[in-house]
Structures are given as structure tokens and as C-alpha cells.
Amino acid sequence: MAYTSLYRKYRPDTFDKVIGQDHIVRTLKNQIAHDNVGHAYIFTGTRGTGKTSVAKIFARAVNCLHTLDGSPCGRCENCVSLAEPGNFDILEIDAASNNSVDQIRDLTDKINFPPTVGRFKVYIVDEVHMLSKAAFNALLKTLEEPPEHAIFILATTEIHQIPATILSRCLRFDFRLVPNGTLARHAKRVFDDIGVKYESEALELIASAGAGSVRDMLSVADMCVSYCDGNITYDGVLEVLGASDPKKLQELGRAIADGDTDEALKTASALCDLGKSIPVLAGDLATLFRNILFIKTCSSAKELLALPESIFTELAAMAEKYSAVRLMSIMKAMSGLEGELRY
């Protein structure tokens, strides 16, 4: 049997499994409970935050005969029919490859046909910002006066590219980046479910690598499961991410902060010999000095950063040694290098 990647295996199919978007889930569940469903929605936010997943759950929930706390039951006649690949009541359209005016006109011509199973036909248009100007114009009239049985859900990562005329006809929902703590707890549940051992520091590192995206975090977790062979360690995650050795990075950071050019160049050269790229190294250094500055100025830094004890102790010593002004100037210099190194 083919392996199913973690982000596909743990894709939410009910509202209670959606993480980090409570404000959206609560609103949609209330609309379903009070039969106050809109005719057009626009979901916007960073990749991997749950836009398409929530759209699919909502599409099934508005047609479910016996919703469970706003979510589709998955067992009624309508849910079973809508789960079949041949159903025509929930249509998912990829605007990146179906962006011409003719394709949108074809869609709007067929929209008057009633649903075959439930109360609503739901059109989920993914990456809607990819539609051409003519296609948006063709969609406009339908969004303004849709038939009673039609619901449009438009999903995009580029909300600024959507015409104001389209936005004004949709209920807008902004999907937020998921906090690292929430991502770490989700990674823990996934690893517990598949029977993989892990270090708590490794969970925090995987969550941080996700950068607010559930899908990105699970993709990193998937690679870590394969690389670490059933026991995910902090060092193993660093290897998967291609991040610099924390001890070597601290040595380089100290040399830079002390103004020791000779030691800084030697350490940087050693890291480059290990295959670390200069842009990645500069980014790692910016993060290092940000963490040190955080430790220096925040009393709860230990809990918030969730670093291994040995690393935190070293960074705390550096925070004691250097002034906030010195740390800030180095962090700014390293952050600015990413743009400069392109040229």
C-alpha cells in the first residue's frame, strides 16, 4: 500500500480538528446552526493554514442532514453521497489552471442546475487570484445574484490581487498564522498517534520550522520521521533542516560580538566547509542574536523559546555579557545580509 504523507493523513475533516482558526470555525458553525449561510465567501491567508480544508468541511456541513456541533456527521445519506468521487454538488476548481473567461462562463452557465443530493451546490475556487480580468468580470454577475442553491467559496493567498468589486460581494475570513505552541502540540499528537518517540525540544524546533503553516510543519515532521528512524531528536531535526550546529553558531556569535575577526573568519570558514550556505548562516545568526536579546529583555524567555537547557544556558551567559544595543546592531546587520547577498 502506498505511503500517505502526514499532511494528507491528518488533514481535518471536521471543524473540531481545525487548529489555530477558532474565530473562523465559531462563525461558520453559528451560521450553520442558525441557517444563516451566505452565498459567497472569500478565505485568505498564508499557505497551509486550512483555507481549502475548512471550505470542504463547510461544503459538506451545509448539506449534512444531522450535523454534529456544526460539523458534517459523515454517516447520513447526504454525507455518504458527497464523499463519493463522482458527486457534482461540491465542485473544487483550481483557478491556476482554469483561469480563462470561457471556463468561468461555462461554470456560470451550469450554475442554475439544482443540486442532486443536498440543499446546496458549493463551488470552491482555489487560488482565485489567478483568474484573468475577463474571468473575474464573468464571475461578478453570478456572485451578485446567484441562485438560491449556490454557494461560492473563493480561496487565495494574494488578497490584494482580488478586484474590489469581487471582495464587496463576499464574506471575508482571514486565516491567521498558527502559533508555534499550537503547532508543537499538534506535532506531539501526530507522533503519539503513529508511535514515534521524540524529544520535547525537537517538537519546538519542528513547530518553528513550520513558520505558522500546519502543512509546512507536517512536511518537516514527515522528513524527521524518515531521517530519525522512530526517535526524533533535536540534533536530528537540525540535520533535516540543514541548520547550523548550535555550538559552532554560538562560537561564531561570540567572536562577532567580541570583534574577534580572526576567530570569526575561522569559524565561518569551518561552517561553510560543512556545506552551510552564507545566506542560511546569516539567517541563523540573526535568529541567534534575536534569542539572546529576547533572553536579556524578557523574564519568561525560557518558557517561550523552549530551547534545550544547555543551549539556553550558553545564550543566557551571552545575554549577560553584551549590551542590548550591541545585540540589536548585530541582529540588524545579519537580517539585512539576506537582501544584500542576492547581489
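Leaving aside its neighbours within four places in sequence, which residues is F191 in contact with? The structure is a predicted model, so to speak a computed picture, in which local features need pLDDT of at least 70 and side-chain atom pairs count only at pLDDT 80 or more, while totals for chains, interfaces and linings use all residues. Residues are numbered from 1 along each chain as its sequence is written, and side-chain values use heavy atoms, with hydrogens and water left out.

Back to F191: with those sequence neighbours set aside, its partners are V196, Y198, L203, I206, A221, V225 and I232, where contact means heavy atoms within 4.5 Å. F191 also belongs to the largest nonpolar core, which has 55 residues. Such a core is a set of buried Ala, Val, Leu, Ile, Met, Phe, Trp, Tyr and Cys residues joined through side-chain atoms within 4.5 Å, and buried means under 20% relative accessible area with a 1.4 Å probe, counting protein chains only. Along with F191, the members that touch the most others are I206, I232, L285, F289 and I292. Another core sits apart from this one, with 25 residues that include A40, A138, L140 and I166. In soluble globular proteins, nonpolar side chains tend to be buried together.

Zooming out, the chain has 343 residues, and 47% of them are buried. It holds 17 helices and 7 strands, which are DSSP runs (helices H or I, at least four residues; strands E, at least two) numbered from the N terminus. Of the contacts with a separation of 6 or more, 74% link residues 24 or more positions apart.

Then there are the pockets. On a 1 Å grid over the protein atoms alone, a pocket is an open set of points where a 1.4 Å probe fits, with protein on both sides within 12 Å along at least five of seven lines; lining residues have an atom within 4 Å of a point. The largest pocket has a volume of about 800 Å³, a volume being the space filled by probe spheres set on the points, which are joined across faces, edges and corners. Its lining counts 31 residues, with L205, S208, Y234, T287 and N291 nearest the centre. Helix α14 (278-297) is one of the elements that supply at least two lining residues, and α14 gives the most, 7 residues.

The second largest pocket comes to about 450 Å³. It is lined by 25 residues, and G48, T49, G50, S53 and R215 lie closest to its centre. Here α3 has the largest share, 4 residues.

Methods. Buried < 20%, exposed > 50% of the residue type's maximum accessible area, 1.4 Å probe, protein only.
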